[in-house]
Amino acid sequence: MNRQKDFYPDYLIEILLVIFLIVELIVTLALLYPPAIGRQIDFSTPFSPRPEWYFLWLYQLIRYFPGSRIVIGTTVIPLTAVLVLILIPFIDKGKLGRLKVVIVGVLLLLSIVILTSIAVLIP
Amino acid sequence: MGKFFEWLDRNFRIKKPHRRFLYRSIPEGVNYFFCLGGIAFALFILLFISGMMLAIYYVPSENEAFASILRIDNEVRFGWFIRSFHKWSANLFIVAIVLHTIRVFVYKAYRHPRELNWIAGSLILILAFASGFTGYLLPWDQKAYWATEVGTTMARTVPLLGPYLCYFLRGGQDVTGATLIRFYVIHVLYIPLFMCLLLWAHFHLVKHQGVKGGL
């Protein structure tokens, strides 16, 4: 089919269908797995809770830098990661640009995935 | 009905730009992965609506926050469902944004002239994480409290600015009711406001630069 697609109605109907399915997915998950109600705050018994799954990579990273080196885990590495993410269009310049960016991007994603997996598997 | 829209159009003049927006052509090579951005935006709207509902019953105070969560879950009709819906939408929102970022990366859609839009998208991603972090404290239970305690202690290790940053986040030396109100306002006012501005910029740039087609 060689016909040029328009946003309306071709694409709009497709995306609305996908969004409809996503809403169904959320409703199903929300009905089946409501969040548990926590316990009341007890200031006298501190415990170290696990963060949300999307912060687990950071949580795991900090474990590798105890003591005064913690600054590497809390500032240096996360800040570098964010800067690299933002600067991706500017790293992809010149002949080897795409190669550099793919290496950096894969490295970034892989390290986050691996750190998260370690945190999930070894509590 | 037609007359009403004509009257609206005479006043607002929205027909022409919207027609241009709706009837623009989509480049070749667009597939279902290109829906991820739209999915993320839909999730943002769902979060906004469910958040507006929760805000009616939630009380951001040291003494009443936890009780108001109990009330939402046990007494408010469908309150537990709205809270669950908000939580699940938030998780999927992060998933959708990350996958959308990967899609843009794979299709090289960040390249010139779309650098600025990549930056706007990155900031939206960071804001989504910040929203997750601030929202986590709001139930004001044991888990929320100590997670924020640990999270803000981490901010203290930042060189030079650390102590000030920690104090600024907590609104004092420790995590208290002052922190709760701070996080509540950041979560329901500051972040949604900046998010709307960034999303407007994001979509404006997409409209002007068009969708980058397939590989």
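Residues are numbered from 1 along each chain as its sequence is written, and chains are lettered from A in the order in which they are written. In this predicted model, local features need pLDDT of at least 70 and side-chain atom pairs count only at pLDDT 80 or more, while totals for chains, interfaces and linings use all residues.

Chain A contains four helices and one strand, where helices (H or I, at least four residues) and strands (E, at least two) are DSSP runs numbered from the N terminus. Along the sequence, these elements give the pattern β-α-α-α-α. Among the elements of chain A, helix 4 has the highest mean pLDDT (96), and strand 1 (residues 5-6) has the lowest (80).

The radius of gyration of chain A is 22 Å, whereas a compact globule of 123 residues would have a value near 14 Å; this quantity is taken over C-alpha atoms, and the globule rule is 2.2 Å times the number of residues to the power 0.38. The C-alpha trace of chain A spans about 65 × 50 × 25 Å along its principal axes. Of the 123 residues in chain A, 13% are buried. A residue is buried if 20 or more other C-beta atoms lie within 10 Å of its own, exposed if 12 or fewer, and partly exposed in between, with C-beta atoms placed from the backbone.

Within chain A, helix 2 (residues 56-63) packs against helix 4 (residues 97-121) at an angle of about 80°, with the axes 8 Å apart. Axes are lines fitted to C-alpha atoms, for helices over the stretch in contact, and angles run from 0 to 180 degrees between N-to-C directions. The two helices are therefore roughly perpendicular to each other, a class that covers 65 to 115 degrees, with angles under 35 counted as roughly parallel, over 145 as roughly antiparallel and the rest as oblique. Leu56(A), Trp57(A), Tyr59(A), Gln60(A) and Leu61(A) of helix 2 meet Ile112(A), Leu115(A), Thr116(A), Ile118(A), Ala119(A) and Val120(A) of helix 4; two residues are in contact if their C-beta atoms, placed from the backbone, lie within 7 Å. The residues of this contact comprise nine nonpolar, two polar and no charged. Ala, Val, Leu, Ile, Met, Phe, Trp, Tyr, Cys and Pro count as nonpolar, Asp, Glu, Lys and Arg as charged, and the others, Gly among them, as polar.

Chain B has nine helices and one strand, arranged along the sequence as α-α-β-α-α-α-α-α-α-α. Of its 215 residues, 37% count as buried. The contact between the chains takes 42 residues from chain A and 50 residues from chain B. On the side of chain B that touches chain A, helix 5 of chain B gives the most, with 11 residues. That side divides into 34 nonpolar, eight polar and eight charged residues.

Ser50(B) lies in helix 3 of chain B. This residue counts as buried because it has 22 C-beta neighbours inside 10 Å. Leaving aside neighbours within four places in sequence, Ser50(B) is in contact with Ile82(B), Phe85(B), His86(B) and Ser89(B). The C-alpha atoms of Ser50(B) and Lys87(B) are separated by 9.5 Å, although the two residues are 37 residues apart along the chain.

Technical notes:
pLDDT is the predictor's confidence in each residue, from 0 to 100.
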